[in-house]
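Here are my notes on the model you sent over.

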Amino acid sequence: MRIPKKLILFVAMTTLLCSSALAGGAKLSPAARCHISHIEPLSWWVGMSTPLQLMIHGERISDFDLRIEGGGVTLEKIHRAESPNYLFVDISIDKDARPGERRLVFERGQERFSVPYLIGERRVNSRDRQGFTTADMIYLLMPDRFANGDPRTDSTPDTAEKPDRGNFFGRHGGDLQGMIDHLDYISDLGATAIWSTPLLLDNELVQSYHGYACGDYYRIDPRYGSNELFREYVAKAHEKGLKVIMDVVTNHCGGAHWWMKDLPFGDWVHQFEEFTPTNNIFSVNFDPNASKYDLKIQESGWFDKPMPDMNLDNPYLLRYFQQWIVWWIEYADLDGLRVDTYPYNEKIPMSHWCEAVNREYPDLNIVGECWTPNPAQLAYWQGGNPNCDGFDSHLRSIMDFPLRDAICQALSTDSLRWGEGMIRVYEALSNDFVYHSLDNMMIMTGNHDTDRLGDIVRGNWGRAKIAMTLLATMRGIPQIFAGDELMFRSKDLSQGHGGLRVDFPGGWAGDERNLFEAADRTKEEAGLFDFTRKIFNWRKGKAVIHHGRTLHFASRDNTYAYFRYDDKEAVFVFVNNSRGRKTIPWSHYAEITEGLCPVGRNVETGEEIRLSEQTAVPARDVLVVELKRK
């Protein structure tokens, strides 16, 4: 299907020259190479719940008839697209089919050729894999800015943008090998899961380093490595006790995606006569007063000029995306998903997408980026929420941006005015009644799209320590952004994303400092890292933090106190975000402390401590105490 000329003006003209590895890397005959460009998914497995529909792309491939050679596999139906260069083929696999290679046989008159297609054997207990939970701490990193483990892949013949480490928005050379090389660092910090921003091919001419403009959904960007290396990375992470979360984008692809020059259907992407951006108002999905026009622009408008907006109302595209992510989970042995720009997708098809993943992997967790400061609007997107319109997203987890905003606003001020300082955090948690599942909320002080923690606290060590304590002891699933444990600050705040997504010193040969090593850290860097490591490693074994309830107490002096508790124990947290030393008003907490032993253990020092009205906490510091029930 041809794209209108006005639309083409906003699509990057570079496209991937080499096609996806057909059938998991199988070699094709000259006749097959002449006709077949892509077959996706690349392979499949016996025993899957997800129906298999192959998307076959090649020059006038719709002119051919198709049959399958090999037992246990049945061709159910062939669907022809609007473009003559596509076939969509429904295939069923018997539950007792033998794993192995089958042949897709194409015939047109006297012309005949075949392509191998692999049906594999699933891992043992693959369906029952456990996703990330409140027992985990997630470490977020940007591959291009983390570590360059193999400089030979910095540039490849079939990718457009070349490395330029001096360019804020250029590619700097970080890769999968660099991530593998530093798994011990991540594990030592206390993390139990890794979320990396997208690793799939982004072949835009500029700013391709972030990965959110996908050019091939079945190919790791060769500047990061290969599909096989990605699978090795996941396996090595598992050996270190680290789960792996894949960042996925269904709302938009990249303008350099190979299908943008030949769409299977005209409505595969949303098209306008001229570039039409989204209005970013995803409240139109539930606003009873919203116009249909505003909803259309929100759903169909493009996120950015090089990011064509996908139309999930097209049933073939929805099936494509359902199979695509199941393929990656099964192929790479993934533990979870993070979905970018979740509310910008059409909500009903996206709900079906989540259902499909949950049906295949009931315990795998999916967290969606639903970026709003409004708790009620955020709650709408969490699966199981009793929404007035009956909508259920089937999205298990959501990112807690309202709490993130409250923490960052609180830590950046010395104000004692009511409504400012730590009372913001108290107020944020007072909205917990609107959420369906507090255990399935990702909490953070920042990520790759927000201001860095070090910039927010203006380099203040004590306030950064408070931030890490809040993440380690509050309800939900904590996530920290790579470098925040070492007080990274933006290189140039005027550069926005390009300035805050700084390289990790020591990740490149020749770096003046290596912050992966303790010897090269300043006193403050070492202090924050050591504290972060201690509290998150302590957190691993604390069921009361993972599943306990919260009781908190308000104050007007920029302090904040709360208990995480269950039937066996409690953890007391006192935050002093003020300029001066504060004593703890222990008598205010009698409703819970009367049932607790008066002597506890200071989590930071390991020392015994008796809490009372005389217990003092220094300025911009925090006290965390374990307490047993009487």
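1. A word on terms before the sheets: two strands count as paired if DSSP finds at least two bridges between them. Keep in mind as well that this is a predicted model. On that basis, 4 strands make up an open sheet, ordered 1-3-6-5, with antiparallel pairing. From one strand to the next, the twist averages 20°.

2. Now for the pairing inside that sheet. Strand 5 and strand 6 run antiparallel and are joined by 7 bridges. The two strands form a hairpin, with 5 residues between them.

3. Is strand 6 largely enclosed or largely open? Of its 8 residues, 6 are buried, so strand 6 is largely enclosed by the rest of the structure.

4. The whole structure holds 57 aromatic pairs. In one of these, the ring centres of Tyr86 and Trp258 are 6.4 Å apart and the planes are at 20°; planes under 30 degrees apart count as stacked, so this pair is stacked. The pair links distant parts of the chain, 172 residues apart: Tyr86 is in strand 6 (residues 86-93), while Trp258 is in the loop between strand 13 (243-248) and helix 6 (292-300). Both Tyr86 and Trp258 are buried.

5. Compare that with Phe286 and Trp381. Their ring centres are 6.4 Å apart and the planes are at 65°, so the pair is edge-to-face. Phe286 is in the loop between strand 13 and helix 6, and Trp381 is in the loop between helix 9 (375-379) and strand 16 (397-399), so the pair ties together parts that are 95 residues apart in sequence. What about burial of the two partners? Phe286 is partly exposed, with a relative accessible area of 22%, whereas Trp381 is at 0% and counts as buried.

6. The charged end of Arg171 sits over the ring of Tyr224, at 5.1 Å from the ring centre. For Arg521 the ring is that of Phe529, and the charged end sits 4.1 Å from its centre.

7. Which residues have the most contacts inside the largest nonpolar core? They are Tyr139, Trp259, Trp268, Trp328 and Trp353, in a core of 154 residues. Helix 7 (residues 315-332) gives the most to this core, with 13 residues. Leaving aside neighbours within four places in sequence, Trp259 is in contact with Met55, Tyr86, Tyr217, Cys253, Trp268, Met310 and Tyr320. Another core lies apart from the largest one; it has 18 residues, including Tyr565, Ala570, Leu623 and Leu627.

8. On to the other sheet in these notes. This open sheet has 6 strands in the order 19-20-21-26-23-24, and the pairing is antiparallel. Strand 19 (549-553) and strand 24 (608-610) stand at the edges, each with a single partner strand, so each is left with one side that has no neighbour in the sheet. On average, and with direction ignored, neighbouring strands here are turned by 30° against each other. Strand 19 pairs with strand 20 (residues 559-565) over 5 bridges, in the antiparallel sense. His552 stands opposite Tyr562 in strand 20.

9. Last, the helices on this sheet. Helix 13 (residues 461-473) packs on the sheet and touches strand 20, strand 21 (569-576) and strand 26 (621-628), with its direction at about 30° to that of strand 26. Helix 15 (residues 523-539) lies across strand 21, strand 23 (599-602) and strand 26, and runs at about 25° to strand 26.

Terms used
Residues numbered from 1 in each chain as written. Predicted model: local features only at pLDDT ≥ 70, side-chain atom pairs only at ≥ 80, totals over all residues. Heavy atoms only, no water. Phe/Tyr/Trp six-rings, centres within 6.5 Å; stacked < 30°, edge-to-face > 60°. Buried < 20%, exposed > 50% of the residue type's maximum accessible area, 1.4 Å probe, protein only. Lys NZ or Arg CZ within 6 Å of the ring centre and 35° of its normal. Core = buried A, V, L, I, M, F, W, Y, C linked by side-chain atoms within 4.5 Å. Contact = heavy atoms within 4.5 Å. Axes fitted to C-alpha atoms, helices over the stretch in contact; angles between N-to-C directions.
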